[in-house]
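Let's take a friendly tour of a protein model. Have a look at the sequence and the fold first.

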Amino acid sequence: MELQGSHAVVTGGASGIGAALVRRLAGAGVSRIVVADIDGDAAQAVAAEVGGLGLKVDVGHEEEIAGLVDSAEAVYGPVDLFCSNAGIAGPYGGPEVTDADWQRTWEINVMAHIWAARRLLPGMLERRSGHINSTASAAGLLANPGLMPYSVTKHAAVAVAEWLAITYGGPDSGVGFSCFCPQGVATPMLETWREEDPSSRLASASGDTISADEAAEALVRGIAEDRFLILSHAEVQTYMQRKVADNERWLGGMQRFQAQIDQARAEAAGS
Ligand SMILES: NC(=O)c1ccc[n+]([C@@H]2O[C@H](COP(=O)([O-])OP(=O)(O)OC[C@H]3O[C@@H](n4cnc5c(N)ncnc54)[C@H](O)[C@@H]3O)[C@@H](O)[C@H]2O)c1
């Protein structure tokens, strides 16, 4: 898509990948940027850097997403690019995680993307222009050890983006879709996870950890080039190919990996 002179909204834009994305978009010529985050002060600070608008928004509520789109359009006109970047890691664990934690992770990591599309699509399809981007994760393509709600909701986020692209992104629609699936990116989210769960270093050591700026650079390039699946880590493509080529072998490798993680957790608990 043409970024020069466009209007973009970035959720979760106050920190990490989102803040780097805001700066990269401004550098690529996006002239009207709305930074939305549950941390309103930090959103305003990042927005001020690019002469944009910072708003306090909790993407886990549909009315707040609708209000975000309405506010952005009232100030800057139709949204050209909407980036659903806000996300949470959710708790460590699996079926034992409480329903309340499952629900919150589901709303922020998945429903927020659906609510954004619900509000944006009628206008974009009528104008025959616009782009909806979502940040999922490599954990949405390849199951992630440790954090079941994260892996499940990120798989769903990939499915949401694919469904939207299949249904509304045909060659004549004028509307584009993209899904960003990074692996380790050095941000507060990754730092918190590493502090809270010592074995996470193993889980996230399966590839390089890149900077938020490097992630944002790959993301902006992918959006500008109208690519659907945007990867910032080449190894993710390799892992996907291995999984598709021999699922049983891939699962066996993941089970051995999980055994190493269990051992690291046991050692950390004992020390
Ligand atoms: N860091 C990684 O290694 C990594 C890897 C793959 C995918 N991702 C994804 O990238 C995205 C950005 O993550 P990050 O690493 O930059 O994390 P981060 O914690 O640095 O930033 C996330 C931002 O989202 C905001 N946020 C959280 N919940 C919100 C809500 N309900 N409403 C509005 N804003 C909310 C936070 O306040 C924060 O500013 C997330 O979707 C994450 O799942 C991160």
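Here is a short report on its sheet, a pair of helices and the ligand shell.

## About the model

This is a predicted model: local features need pLDDT of at least 70, side-chain atom pairs count only at pLDDT 80 or more, and totals for chains, interfaces and linings use all residues. Residues are numbered from 1 along each chain as its sequence is written.

## The sheet

Seven strands form an open sheet with parallel pairing, in the order β3-β2-β1-β4-β5-β6-β9. Strands (E, at least two residues) and helices (H or I, at least four) are DSSP runs, numbered from the N terminus, and two strands pair if DSSP finds at least two bridges between them. Because β3 (53–56) and β9 (229–230) are at the edges with a single partner strand each, one side of each has no neighbour in the sheet.

Look at β2 (residues 32–37): four bridges link this strand to β3 in the parallel sense.

## The ligand shell

Which residues come nearest to the ligand? They are G12, S15, G16, G87 and M189, out of 28 residues around the ligand; a residue is near if its C-beta atom, placed from the backbone, lies within 6 Å. Helices α1 and α6 (188–196) each supply at least two residues of this shell.
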